[in-house]
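I opened this model to look up its charged pairs, its chain contact and its cores. My entries follow in the order I made them.

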Amino acid sequence: MEEQVEMVGKAFVDHYYHLFDNNRTELVSLYQPTSMLTFEGQRIQGVDDISAKLNQLPFDQCRHVISTVDSQPSAFAGGVVVFVSGCLQLHGEEHPLRFSQMFHLIPTGQGSYFVQNDMFRLNYG
Amino acid sequence: MDPDAVAKAFVEHYYSTFDANRAGLANLYQEGSMLTFEGQKIMGSQNIVAKLTSLPFQQCQHAITTVDCQPSGPAGGMLVFVSGNLQLAGEQHALKFSQMFHLMPTPQGSFYVLNDIFRLNYA
């Protein structure tokens, strides 16, 4: 059970941040109408609003470097909670920003997962 | 029942219990509870409390910086995402940490911790 959950978490994290860093508009495919994002304390719900928020962040290029990924089964049939920490390098900025993020993934029924819950926080020095 | 108020009340209760009487955390976990502490996986209330009470410090103080929460689904669960500082007695600098809890309702109207993941945030 646990190994599979860890594999799901790592595969999701790789995919999510790859999309974020290379093709941010495609992130919309990972959210559904019931999805919720809390980004630095701001609450956003639903695919359109989440997509708008992520696409309007005040930087064009960025790179996430992931330090830790921890996953656990969440009690929903096949749900997974994933807890990530890492650094976010913004183009043109000298110092990367440290961040933590948690995802609650729910199976789509077609063999993949969507993000039901997403919370992001920068970790200030 | 305002979810934000529930999350804040839980966080205050959790960390004040942690800081004053770590063994008292036992009734916040159940048999199916899971803790991942700095990458180490622990399951069940007894094992979790054993881990937390055997951490290599006697006194500590958590100072919470941010608390974010969201409902996790139709079962009434709540996800709580915390960041803050952990001051250990005798240490000059506080450690920064992040932690997430997935709380599930109990029949008695409170919550227990189903999922708990803790990470220090190193520089």
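I started at Asp70(A), which counts as buried at 3% relative accessibility. Buried here means under 20% relative accessible area, exposed means over 50%, and partly exposed lies in between (1.4 Å probe, protein chains only). I note that this is a predicted model, where local features need pLDDT of at least 70, side-chain atom pairs count only at pLDDT 80 or more, and totals for chains, interfaces and linings use all residues. Residues are numbered from 1 along each chain as its sequence is written, chains are lettered from A and ligands numbered from 1 in the order in which they are written, and side-chain values use heavy atoms, without hydrogens and water.

Which residue forms a salt bridge with Asp70(A)? I found Arg119(B), with the closest N and O atoms 2.7 Å apart. A salt bridge is a side-chain nitrogen of Lys or Arg within 4 Å of a carboxyl oxygen of Asp or Glu. Arg119(B) lies in strand 6 of chain B and Asp70(A) in strand 3 of chain A, so the pair joins two chains. Helices (H or I, at least four residues) and strands (E, at least two) are DSSP runs, numbered from the N terminus. Arg119(B) is also buried, at 13%. I then listed what Arg119(B) touches beyond four places in sequence: Thr68(A), Asp70(A), Phe83(A), Glu38(B), Gly39(B), Phe97(B) and Ser98(B). Contact means heavy atoms within 4.5 Å.

I looked up Asp68(B) next. It forms a salt bridge with Arg121(A), closest N to O 2.7 Å. Asp68(B) lies in strand 3 of chain B and Arg121(A) in strand 6 of chain A, so this pair joins two chains. Asp68(B) and Arg121(A) are both buried. I also checked Glu6(A) and Lys41(B), whose side chains meet in a salt bridge at 2.6 Å, N to O. Glu6(A) sits in helix 1 of chain A and Lys41(B) in strand 2 (residues 40–43) of chain B, so two chains are joined here. Glu6(A) counts as buried at 13%, whereas Lys41(B) is partly exposed at 36%. The count over all chains is four salt bridges, and the rule finds four across the interface of chain B and chain A.

How many residues of chain B are in contact with chain A? I read 32, against 31 residues of chain A. The buried area is about 2,600 Å², with 58% from carbon and sulfur atoms. That area is the accessible area (1.4 Å probe) that two parts lose on being put together, summed over both. In chain B, Lys41(B), Gln70(B) and Phe81(B) lose the most area to chain A, together 24% of what that side buries.

I turned to the largest nonpolar core, which has 32 residues. Such a core is a set of buried Ala, Val, Leu, Ile, Met, Phe, Trp, Tyr and Cys residues joined through side-chain atoms within 4.5 Å. Tyr16(A), Tyr31(A), Leu54(A) and Phe103(A) touch the most other members. Helix 1 of chain A gives the most to this core, eight residues. I logged a second, separate core of 31 residues, including Val11(B), Tyr15(B), Tyr29(B) and Met78(B).
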